[in-house]
Amino acid sequence: MASTYLTRTPSSAGNRRTWTISTWVKKASDAVSIFSAWYADSTVGHFVFRFGYNGSQLGWSQWGNDSYSTRLFRDPSAWYHLVLAVDTTQATASNRVKMYVNGVQETSFSVGAVYPSLDEELSVNNNNIQVIGANSYSSTAEYWKGSMSHFHFIDGTAELPTAFGEYDANGVWTINTS
């Protein structure tokens, strides 16, 4: 069982309304937490980006409200490019959090998507612990199990997946190296 992860606690907060996470992952069958942030203030709470529900549905959780894809991700031999783009300044709730897998936006959620309020400041990018590869607030130590590469956190911009990947001549989503 893997138990390694990276942490960072910024000395001051960045943009807590608009940011992007992009990473490539190859998951084990029971992979869990990709990224998490915890803040002791109960009005802000805890945020986690992970594979939940037996490790096969991708989603996020904030304030204890889960939002997970209908699509299942079960192939332990596949690399997945994941993008979570957050912009709580958007007037339409469903535009405030967008999740992409291999360049395609996930729009169907088995556990209804719960979006942040307009202009809400999340615990991500605050001066609290930010964790790659584990859940910062779990007593069950939800460590990432699998491979992870090219992890990017973009402060202040909700990027599209094309900033990080592109389709090759065969229609396969690949990393953008330009």
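These legends describe close-up views of one predicted model.

Residues are numbered from 1 along each chain as its sequence is written, and side-chain values use heavy atoms, leaving out hydrogens and water. Because the model is predicted, local features need pLDDT of at least 70 and side-chain atom pairs count only at pLDDT 80 or more, while totals for chains, interfaces and linings use all residues.

**View 1. An open sheet of five strands.**
The strands follow the order β9-β8-β7-β2-β12, and their pairing is antiparallel. Strands here are DSSP runs of E with at least two residues, numbered from the N terminus. Two strands pair if DSSP finds at least two bridges between them. β9 (104–106) and β12 stand at the edges. Each has a single partner strand, so one side of each lacks a neighbour in the sheet. On average, neighbouring strands of this sheet are turned by 20 degrees against each other, direction ignored. The axes behind this angle are lines fitted to C-alpha atoms, and angles run from 0 to 180 degrees between N-to-C directions.

**View 2. Strands β7 and β8 side by side.**
β7 covers residues 80–87 and β8 covers residues 97–101. The two run antiparallel, joined by five bridges. Look for valine 86: its bridge partner in β8 is valine 97.

Side chains of opposite charge can pair when their charged atoms come close. A salt bridge is a side-chain nitrogen of Lys or Arg within 4 Å of a carboxyl oxygen of Asp or Glu. The structure holds five of these salt bridges. In one of them, glutamate 121 meets arginine 16, at 3.2 Å from N to O. This pair links distant parts of the chain, 105 residues apart. Glutamate 121 lies in the loop between β10 (109–111) and β11 (130–132), and arginine 16 in the loop between β1 (6–8) and β2 (18–27). Arginine 17 also forms a salt bridge with glutamate 121, at 3.5 Å from N to O. Here the partners are 104 residues apart.
Arginine 16 is buried at 12%. Glutamate 121 is partly exposed at 35%, and arginine 17 is partly exposed at 31%.

Glutamate 142 pairs with arginine 50, their closest N and O atoms being 2.8 Å apart. Glutamate 142 sits in the loop between β11 and β12 (146–155). Arginine 50 is buried, at 12% relative accessible area.

**View 3. Aromatic rings.**
Rings of Phe, Tyr and Trp (its six-membered ring) pair if their centres lie within 6.5 Å; planes under 30 degrees apart count as stacked, over 60 as edge-to-face and the rest as tilted. The count comes to 11 aromatic pairs. One of them joins tyrosine 167 and tryptophan 173 edge-to-face, at 4.7 Å centre to centre with 70 degrees between the planes. Tyrosine 167 is partly exposed at 45%, whereas tryptophan 173 is buried at 10%. Elsewhere, ring pairs link Trp19, Phe35, Phe47, Phe151 and Phe153 into a cluster.

How values were computed. Buried < 20%, exposed > 50% of the residue type's maximum accessible area, 1.4 Å probe, protein only. Helix = DSSP H or I, 4+ residues; strand = E, 2+ residues; numbered from the N terminus.
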